[in-house]
Amino acid sequence: MTAVVSVDGAEVERIALESGGERVYSGNGYTLTVAFGTEGVRVLEADCPTQDCVRTGTITRSGQSIVCLPGRIIVRLEGGPADAGAPDVVIG
């Protein structure tokens, strides 16, 4: 599985979760420290006022994302096995 990081709408990095580690991203005057690993992705700390990105917790499945609205930073997961319990199509 791969984590795709976007800042202000532009993709800045793709990281294979197997590589692990921590990275720091800045956007719109805010900074996030993000941890990557085989167990998933999570924001360790952020200096944004709402802290929604930190409270999201660990994401582990393709299609999930962590969003920091004030910082305009998005971390989303791509690839990996399909979730057997997920719907094939959502209409409406």
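Q: What should I know about numbering and confidence before I start?
A: Residues are numbered from 1 along each chain as its sequence is written, and side-chain values use heavy atoms, with hydrogens and water left out. This is a predicted model, where local features need pLDDT of at least 70, side-chain atom pairs count only at pLDDT 80 or more, and totals for chains, interfaces and linings use all residues.

Q: Which strands form the sheet of four, and in what order?
A: In general, strands of a sheet pair through backbone hydrogen bonds, either parallel or antiparallel. Here the order is S2-S1-S7-S6, in an open sheet with antiparallel pairing. Strands are DSSP runs (E, at least two residues) and helices likewise (H or I, at least four), numbered from the N terminus; two strands pair if DSSP finds at least two bridges between them. At the edges are S2 (10–16) and S6 (65–68), each pairing on one side only. Neighbouring strands of this sheet are turned by 15 degrees against each other on average, direction ignored; such angles run from 0 to 180 degrees between N-to-C directions, with axes fitted as lines to C-alpha atoms.

Q: How many bridges link S1 and S7?
A: Six bridges join S1 (residues 2–7) to S7 (residues 73–78), in the antiparallel sense. As a landmark, find threonine 2, which stands opposite glutamate 78 in S7.

Q: Is serine 6 buried or exposed?
A: The general idea is a cut-off on relative accessible area: buried means under 20%, exposed over 50%, and partly exposed in between (1.4 Å probe, protein chains only). Serine 6, in strand S1, counts as buried because its relative accessibility is 10%. Leaving aside neighbours within four places in sequence, serine 6 is in contact with Glu11, Val12, Arg72, Ile73, Ile74 and Arg76, where contact means heavy atoms within 4.5 Å.

Q: Which residues form the nonpolar patch on the surface?
A: They are Val67, Leu69 and Ile74, with about 260 Å² of accessible area together. Areas come from the Shrake-Rupley method with a 1.4 Å probe, and for residues only the protein chains shown count as cover. Patch members have over 30% relative accessible area and no salt bridge; nonpolar side chains (Val, Leu, Ile, Met, Phe, Trp, Tyr) are joined within 5 Å, like charges within 9 Å. A salt bridge is a side-chain nitrogen of Lys or Arg within 4 Å of a carboxyl oxygen of Asp or Glu. Isoleucine 74 lies in strand S7 and is partly exposed, at 35% relative accessibility.

Q: What is the order of the sheet of three strands?
A: This open sheet runs S3-S4-S5, again with antiparallel pairing. S3 (21–27) and S5 are at the edges with a single partner strand each, so one side of each has no neighbour in the sheet. The twist averages 30 degrees from one strand to the next. Seven bridges join S3 to S4, with serine 26 opposite threonine 31. Six bridges join S4 (residues 30–37) to S5 (residues 40–46), and alanine 35 stands opposite arginine 42. S4 and S5 form a hairpin with two residues between them.

Q: Where should I look for glutamine 51 and arginine 72?
A: Most residues other than glycine have a negative phi. Glutamine 51 has a positive phi of about 60 degrees; look in the loop between S5 and helix H1 (52–55). Arginine 72 has a positive phi of about 55 degrees and is found in the loop between S6 and S7. Glutamine 51 is partly exposed at 25%, and arginine 72 is partly exposed at 48% relative accessibility.
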